[in-house]
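Hi,

Here is the structure I promised to pass on.

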There are 4 protein chains.
Amino acid sequence: MKKPWAGRFGATTDKKVEEFTASVAFDRQLAAYDIAGSIAHARTLARAGVLTADETDRLERTLTQIGAEIEAGTFTFRDDLEDVHMNIEAALSQRLGDLGGKLHTGRSRNDQVSVDTRLFVKERAGRAMDGLKRLRLVILDRAEQHIGAVMPGYTHLQPAQPVLLSHWLLAYWEMFHRDAARFRAAGNAADVSPLGSGALAGVPYTLDRDYTAGLLGLSGPTANSMDAVSDRDFILDFLFAAAVTMMHLSRLSEELVIFSTAEFGYVILPDGYATGSSIMPQKKNPDTAELVRGKSGRVYGDLISLLVTMKGLPMTYNRDLQEDKEPLFDAARTVIDCLGVTAGMLAKITFDTDRMSRALAKGFVTATDCADYLVGRGMNFREAHETVGRIVAQLEKEGKGFESLSPERLKEFSALFDRDVIQILTVDSSVQARSVFGGTAPSRVAEMIERATAVEKEDMT
Amino acid sequence: MKKPWAGRFGATTDKKVEEFTASVAFDRQLAAYDIAGSIAHARTLARAGVLTADETDRLERTLTQIGAEIEAGTFTFRDDLEDVHMNIEAALSQRLGDLGGKLHTGRSRNDQVSVDTRLFVKERAGRAMDGLKRLRLVILDRAEQHIGAVMPGYTHLQPAQPVLLSHWLLAYWEMFHRDAARFRAAGNAADVSPLGSGALAGVPYTLDRDYTAGLLGLSGPTANSMDAVSDRDFILDFLFAAAVTMMHLSRLSEELVIFSTAEFGYVILPDGYATGSSIMPQKKNPDTAELVRGKSGRVYGDLISLLVTMKGLPMTYNRDLQEDKEPLFDAARTVIDCLGVTAGMLAKITFDTDRMSRALAKGFVTATDCADYLVGRGMNFREAHETVGRIVAQLEKEGKGFESLSPERLKEFSALFDRDVIQILTVDSSVQARSVFGGTAPSRVAEMIERATAVEKEDMT
Amino acid sequence: MKKPWAGRFGATTDKKVEEFTASVAFDRQLAAYDIAGSIAHARTLARAGVLTADETDRLERTLTQIGAEIEAGTFTFRDDLEDVHMNIEAALSQRLGDLGGKLHTGRSRNDQVSVDTRLFVKERAGRAMDGLKRLRLVILDRAEQHIGAVMPGYTHLQPAQPVLLSHWLLAYWEMFHRDAARFRAAGNAADVSPLGSGALAGVPYTLDRDYTAGLLGLSGPTANSMDAVSDRDFILDFLFAAAVTMMHLSRLSEELVIFSTAEFGYVILPDGYATGSSIMPQKKNPDTAELVRGKSGRVYGDLISLLVTMKGLPMTYNRDLQEDKEPLFDAARTVIDCLGVTAGMLAKITFDTDRMSRALAKGFVTATDCADYLVGRGMNFREAHETVGRIVAQLEKEGKGFESLSPERLKEFSALFDRDVIQILTVDSSVQARSVFGGTAPSRVAEMIERATAVEKEDMT
Amino acid sequence: MKKPWAGRFGATTDKKVEEFTASVAFDRQLAAYDIAGSIAHARTLARAGVLTADETDRLERTLTQIGAEIEAGTFTFRDDLEDVHMNIEAALSQRLGDLGGKLHTGRSRNDQVSVDTRLFVKERAGRAMDGLKRLRLVILDRAEQHIGAVMPGYTHLQPAQPVLLSHWLLAYWEMFHRDAARFRAAGNAADVSPLGSGALAGVPYTLDRDYTAGLLGLSGPTANSMDAVSDRDFILDFLFAAAVTMMHLSRLSEELVIFSTAEFGYVILPDGYATGSSIMPQKKNPDTAELVRGKSGRVYGDLISLLVTMKGLPMTYNRDLQEDKEPLFDAARTVIDCLGVTAGMLAKITFDTDRMSRALAKGFVTATDCADYLVGRGMNFREAHETVGRIVAQLEKEGKGFESLSPERLKEFSALFDRDVIQILTVDSSVQARSVFGGTAPSRVAEMIERATAVEKEDMT
């Protein structure tokens, strides 16, 4: 087909170049948004007197029909028509003749592709937020279920202090709650209409850009036409939100992989979320968690990809910008899928709280409490720390735990130890003591579950 | 010096390991925040009855004094004391004996380093926002000064349509305005106090965490102790804000480099912002702009660096997290410096508007207007586009521009051309016509300068 | 279908998880290599006495047939069969019954996927090297064609010294020649056979691994089974080679974009490699070059993606490793396509050497020669540099070039100037003078073209 | 001080710009190479008749002296002198007057900085290779020491099959051996002399560039002057080598962190390489391994940083290139340090082989052998796999391991089981069976240690 811009050209586009520059293989994902944008533009042209009511109706009806065909998979996309916009436009012209071409009045591919992408980002940001919410609700659910259970809390992957399993879960609630704010920001950044910006300088028609924006459910028009067609910040915002979310998911996945090892054994993955080995019959592998963890790489790559493409680009539109779409599509799909499978997996995971209890018995996790006890009796913290350090070293040598200690034995290390220290060394006492705001004491954790639940309810509206 | 945690250890730290793990060479940048955090913690301990008023006073006075010595450069940091916290703590203990050690009550290095970094991020986010504001004010200033001037607007670095120089400037205003929102988000993310989270589980003292936060000018306490000590999202938010800002700066720099070439000649860089060559006497190089452009690389690197370090880390604190600081420090310094020099350079740049005018005469930049003219007379847009395309091809062959065209000549291409087309082909007519909201018409651009000026005034408060 | 590892599982895989973990949508690209690997494995099993000659024949024939069907597009891949290996295996079992299953003897999915990917990398590295060679041959061709032409050489995008157009072209020859070495290294890194490594520990069959390697055209077997199934270095090598090649291509593209601007005008892109604008009839945009430049982002992203995925992975195989394929496929396709279109474009570009000549007249590009002249007459270089600097500043003020200078005028700046300086200031004299090895003197450049041509011939073999 | 290029400039450099563009704070690390390069250049100028023997001697002596002062720390670097080259040059001129300036004949900052960096890369690549060798020798040493010990081999961090501890160690030997090849390639890429390339076009002096290269121990001169001053591939090669090495180190570190947990307990870190907690007295944290793992982030960042800076740079030298140094310096220091501490740590690690043995008893790690046994008796592999899967599921339910199985019990699952299966299920039998080349059989592993030892000896020369 003859290119719509062929007027000044002597030779036709090289076949290989046509394939190389074509984007319809992937940008067809924008079809629904392209249709919506075109309908809004048609109505705005009508309001400006460029189209008659009848013309507008016919355009709208035909566009809607094309959209339905695409949705149904009966529309044939052609590679030689370069991109999704040209494909739809060609169909329109074929069906409506000259009227199809009129839709291009007061619009350029530059503002058109921008509005399509903005609508996509806004919608996908919403879906990511939904995915985050579902995951957070699962977390709250599991946290409520296991409110009594205690597990070893780790620093450096070494047992540090006992914490509630629910407290551990709520830490992830915090992360995924922050993530939602990033997607919200990305959605808001996308939520403006560039239509009316033309190729770069604005259009010579008195288009009511607020009206267009309103039709598309966007908050208003962009303020500078040059910026409008060259801005991809809203995609970067989305990619960053996705990258940080994937980072959080990779941390949770890593913990699930480690906690489901034979050696830790704190969680048992649901069979539906694990896979076996084609060669080793005993294997039950945490594939889902591993794949989520591994996919952080691709989303980081998507982010850096667009940052690199944008680096040093002169204004306004440059064809480099076509490279904004695939990382966006890939990251959107990846993060939404990963949130979905993680929520599904977490909902069905079995927490082996007995195993956690047994682990607590071995880890010297109340050593800090022991030191705090000595401080309470007047010892300098540094000295108390050292005293307990010596006790631990001695017990390790003997292959024993704190539970083996009698008050008498303790007195050998410091005269300040009294009978009541035995109680202090228990896991329950330790978690109870940490009742500061944000701490792991059961009452606090219960309060935090309530707070989070309230937040979720508010967000609903 | 004996480590504060040496109790259970049989051997001392390997000298090389000590050097390898030491962070004092760079984390001393946190000293002022560490002092502030310690004073707030001391007061909170006093309120909780752990310290007497007198002890608190002595701690506060000595901490203030140490802070002053660090500020003045008279304090000696020791590498074998690992980090800034230990250095200050050691000085405190040396001067106050046992009382120094008491400050460690209810605090761990994990929440301490987090609060220091949060204060740093909050402050630097503010400075970056200041830098962005200064740059935006320069942009507005230059836009006002040159309100009449017209330049070729580019897409694909090919002359596209005429735009106001001020319109081009305002496009950057939009970018740097969006950047401020990202730094604000980073500052807000940092604006909570982790003190009271202890090592990971909360502390067994009834610390008033709201009080601590208030003393530090932070909005409130963090909600989950495990998340609090392992969260570095606020640094990532800062690094992303910096990366996008650098991307925008790299685009402006690229345009300044290109616009200051002998071939374009649209801008003349101030001598103070260019450098010469040690070997070629005629050179005046846009080094400042190039360096700003090149530094986008390091800030992208800083962002990816921390994203990688965080990937797959199990909770809560792991020593990997020490690697959060250098990318943060580097990005903060880089982005603030780049904003500063760019503002300085832009303030003094000479725009060669004559040269721009001459370029406009050659670029067929009103070809779109010519096509729109034909559309206005009833021609289908696609046909109009092609007609004008043929005119351009013909003129290019003859080495002429639109200004050479007579109405008669034009009629050879289409009978729809009339005498008034000559006016339409002028640059002035073209920009005037784009009076849609966000367009480049002088009246619109003037309005936008006013809007932006009003925004800047509001932001002041 | 029942999973091949379902023995110990109580529940079937969640449908969503199946979709999430499936890789057949993309790893079918490995089909031909998978078939080849299976045939080689079957023959090795035969040699070890595990399969009879007849069994081996039937397996080989059926595998070849399946391969032909895949090639022809008549084979139906099923998503629920997870990956390409399972799809082929299922077809094999369907057609051969139990015999199909026997092929799994002494082989695991872990060594199987590794050998497939290695064969892919080796083949694609070869194709990238072919693409580089073709591009280099175009460069040499153009360099020979234009051996006489002189252009301004730039530093900081400011005219610096005159250089031969051919010298500029040859600089890219050097880059693309280095790139080939990186792909060669990647191909060599891939060129070993992991078959026989089993899941991770080696297989309990006396397989002749040298024989397998030989059948596959690989140099030999891997030396450590654990490393063999977890090593992805050869993919990283490929991705890095691709990233650096894209960087070089982005530099060439940037120069073509700039050189084809109205303002520079040094090159005229072939119509077949440029595109127009749907709205601006005068436009001829360097889309191909821009897209190549922009695609550097995605390949950088591919590299970082796999580096991130590999970070911190414990041995040996983890499902994260499935994420190695898409960046590899994407980078391979991208770099090979970009090399192809760049070679095509460069072959047809018109160099406007007249325009280059005119630009040389204006750029003071022989200022260094002028300074060197004074040095030759005994002036200190620093003083000479300054003297010429003053001449340039004066001429710029007057809007004149060196060609306007008479010996008399020059004497006003220094008594050391003599009549012969006029010759020195010519572009021809300047390039002739740089006859040092690697310099831009026509004789040297001609010599370098010969050298490069000889290198290309040697590489042929 | 007046800039050496100030001739044509009307205003002096802005103070802030001077600070912003200065590189002496970091590029002083190149001082020794700058001195070496200058001496070689002086001698080459002498050979070309530009300098007398006496002048050359004086230059060389003074340069050597300046070098000694820098080495001794008595040389004062000045920020206002921009970079290391200017600092040395200024000192030279101060001590030798006009003669100092003569050294600039036939040399530009562009080829000068390139040669300095090349010498740096070559030297640091050598050091990294030394560091790798030391680490590999430690690995071989530990592998020899523990040749008998068996540990669970993991896939997906789930026990898979038994492997020799030495086999696990040798897998890392393979990785670190491949890494050396990448550093060798980087060193070779750096190993050419750009001196004589001048600013970009070559120099108008008959310098014997082979002679210069020989003096510097470089293999020869670069072939194209434009490429020579703009090429940074050799730095990218180094950064990539460093990134992959860090990836390998991050994997080893991850395993050490996991293996040293209370739950795994396979390794006990040397006290000198672990640290404690300032608050929790029982802690012994794997800080060194964590920090090495975390530092992968910064080196990945360094690599992406330079790739980004190079993207889309027009030839030849642009100031952006100044940004090549800090990532290089950072990555070189990081990778060399990390190799050093990892070698130190690995040399002193205690492997708890008893613990490994106990873990093997629980992990069903010989399940594959059990399946292979059934295959050997004629069962289809898929069926055998499923049979063993059912045995494992049953035992898991009962909380038992393979050691609990009697031949009778096994017969319940398949009649093919016989008395000899008990032997097959032992760990020793399993590793013995994998005697294929590259497998974990003790004889093979011993052979591989010998091979590797031989390789190390050859590399020595």
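Between chain D and chain A there are zero salt bridges, counting a side-chain nitrogen of Lys or Arg within 4 Å of a carboxyl oxygen of Asp or Glu. What the pair does have is 19 residue pairs in polar contact, both residues at pLDDT 80 or more. A polar contact here is a pair of N or O atoms within 3.5 Å; within protein, one must be able to donate a hydrogen and the other to accept it, and residues adjacent in sequence count only if both atoms are side-chain atoms.

Before you read on: this is a predicted model, where local features need pLDDT of at least 70, side-chain atom pairs count only at pLDDT 80 or more, and totals for chains, interfaces and linings use all residues. Residues are numbered from 1 along each chain as its sequence is written, chains are lettered from A and ligands numbered from 1 in the order in which they are written, and side-chain values use heavy atoms, with hydrogens and water left out.

Back to D and A. The two chains bury about 3500 Å² between them, 57% of it on carbon and sulfur atoms; that is the accessible area (1.4 Å probe) lost on putting the two parts together, summed over both. In contact terms (heavy atoms within 4.5 Å), 45 residues of chain D meet 45 residues of chain A.

Which elements of chain D give two or more residues to the side that touches chain A? They are strands S1 (150-155) and S2 (158-164), plus helices H11 (233-259), H12 (287-310), H15 (367-376) and H16 (381-398). H16(D) gives the largest share, six residues. Helices (H or I, at least four residues) and strands (E, at least two) are DSSP runs, numbered from the N terminus.

Finally, chain A by itself: 20 helices and four strands, with its C-alpha atoms filling a box of roughly 100 × 50 × 40 Å along the principal axes.

Cheers
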